[in-house]
Amino acid sequence: MIFFSLCSFILPYSFVHAAEKVEFDSSFLHQELGQKTIDTNRFNTGNAITPGNYYNIDLYLNTEWKGKFDMNVIDINNKSEICLTPELLDLLDLKDEAIHSSSEQQTENNNCLPFSITIPEGKANFDINALRFNVEIPQAYVVQRPRGYISPAQWQNGVPTFFVNYDANTYQYQSAEQKNTQSYLSLYSGINFAGWALRHRGSISWFNQESQGYINNDNYLQHDVAFLRSQFMLGDFTTRNEVMENIAIRGASLTSDDAMLPNSVRSYAPVIQGVANSNAKVTVRQNNYVIYEATVPAGPFKIDDLYQQDIVTI
């Protein structure tokens, strides 16, 4: 019980950067007679994480949630180190000057880049109880994104699925000499698999139970192109009517998709720079009205995400 209480006390604190060295007397721990003595050396520097794989970890960068990732921890000279994987780098979204990487830093274990060596300006700790990885990096080293930005690394393709939507109606009209029946059926169906979407739209009508023939309106494949913020389409489809009227074409298209952009749109605004001596709140005022507030960690910071809706005259 003493052993597990000790772990719970140490884990939420500094993980990557060692704390002041302490020593524990393992003789105070309950052990079975004849069993191997418990080695407490790993806890001498406040680093009690067992090397291995940890899944579905919440990443917080400067107190802001960035997403979930799978973390790999390895042992280097009796010290646990986090592997800086491409997935973790994408979520951190750092500028090039924040990353000090070279082939010499790679360990013999899966070419792992240790977090504390690769990002020396960063401070991190891992709360194993909450599966939360907290990282603090000076704001000037973090790429500033528009408000509402979500990293493409966190985008999901969705689950494989198949669906069919239909719209059907029929009606009769009768005059003194004849009776007529008209029916109509439209279909909209699709299959989603591995990020690809196959879509079909068509319709058929009957007049007095005689088919007028099935009409194919749309038959196309569609796939998102995340790094271009656009969609690729191939087949028979109808163009959008943003600039001109809809045109039915057979071919391929690559069009930008505003749904992939953040809700806010960046426009011209001044860049505000400075150096914080500790965690601080930066407040921007215009005509004595607060138009922007942000919390920054210690170190240099740069605010370049002010938007047109913020820069107003009151």
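Helices (H or I, at least four residues) and strands (E, at least two) are taken here as DSSP runs and numbered from the N terminus. In this predicted model, local features need pLDDT of at least 70 and side-chain atom pairs count only at pLDDT 80 or more, while totals for chains, interfaces and linings use all residues. Residue numbers start from 1 along each chain as its sequence is written, and side-chain values use heavy atoms, with hydrogens and water left out.

With those conventions in hand, the overall picture comes first. The protein contains three helices and 16 strands. Of its 314 residues, 34% count as buried, where buried means under 20% relative accessible area, exposed over 50%, and partly exposed in between (1.4 Å probe, protein chains only). Contact means heavy atoms within 4.5 Å; among the contacts with a separation of 6 or more, 48% join residues 24 or more positions apart.

Empty space comes next. Rolling a probe the size of a water molecule over the atoms shows where empty space is left. On a 1 Å grid over the protein atoms alone, a cavity is a set of points where a 1.4 Å probe fits but cannot get out, whereas a pocket is an open set with protein on both sides within 12 Å along at least five of seven lines; lining residues have an atom within 4 Å of a point. Grid points are joined across faces, edges and corners, and a volume is the space filled by probe spheres set on the points.

The largest pocket holds about 740 Å³ of space. Its lining comprises 28 residues, and those nearest the centre are Glu64, Lys66, Gln144, Arg145 and Asp305. At least two lining residues come from each of strand 2 (64–76), helix 2 (86–92) and strand 15 (289–296), with strand 15 giving the largest share, five residues. By class, the pocket lining has twelve nonpolar, eight polar and eight charged residues; here Ala, Val, Leu, Ile, Met, Phe, Trp, Tyr, Cys and Pro count as nonpolar, Asp, Glu, Lys and Arg as charged, and the others, Gly among them, as polar.

The structure has one cavity of 30 Å³ or more, and the volume of the largest cavity is about 30 Å³. This cavity is lined by Asn157, Gly158, Val159, Pro160, Asn192, Phe193, Ala194 and Gly195. Four of the cavity-lining residues are nonpolar, four are polar and none is charged.

Attention now turns to the nonpolar interior. A nonpolar core is a set of buried Ala, Val, Leu, Ile, Met, Phe, Trp, Tyr and Cys residues joined through side-chain atoms within 4.5 Å. The largest such core has 24 residues, of which Met71, Leu88, Leu92, Phe115, Phe133 and Val135 touch the most other members. Two or more residues of this core come from each of strand 1 (52–61), strand 2, helix 2, strand 4 (123–127) and strand 5 (132–136). Strand 1 contributes the most, four residues. Leaving aside residues up to four places away in sequence, Leu88 is in contact with Leu59, Phe69, Ile82, Cys83, Phe115 and Phe133. A second, separate core has ten residues, including Ala276, Val282, Val296 and Ile303.

Rings of Phe, Tyr and Trp (its six-membered ring) pair if their centres lie within 6.5 Å, and planes under 30 degrees apart count as stacked, over 60 as edge-to-face and the rest as tilted. Six aromatic pairs are present. One of them, Tyr54 with Phe126, is edge-to-face, at 5.5 Å centre to centre and 75° between the planes. Tyr54 lies in strand 1 and Phe126 in strand 4, so this pair ties together parts that are 72 residues apart in sequence. Tyr54 counts as buried because its relative accessibility is 13%, and Phe126 is buried at 0%. Elsewhere, ring pairs link Phe69, Phe115 and Phe133 into a cluster.

Some loop residues complete the account. Leu131, in the loop between strand 4 and strand 5, has a positive phi near 50° although this residue is not glycine; with a relative accessible area of 32%, Leu131 is partly exposed. Gln209 sits in the loop between strand 8 (196–207) and strand 9 (210–211). The phi of Gln209 is also positive, near 65°, and Gln209 is exposed, at 77% relative accessible area. Ile247 belongs to the loop between strand 11 (230–238) and strand 12 (248–256) and is partly exposed at 38% relative accessibility.
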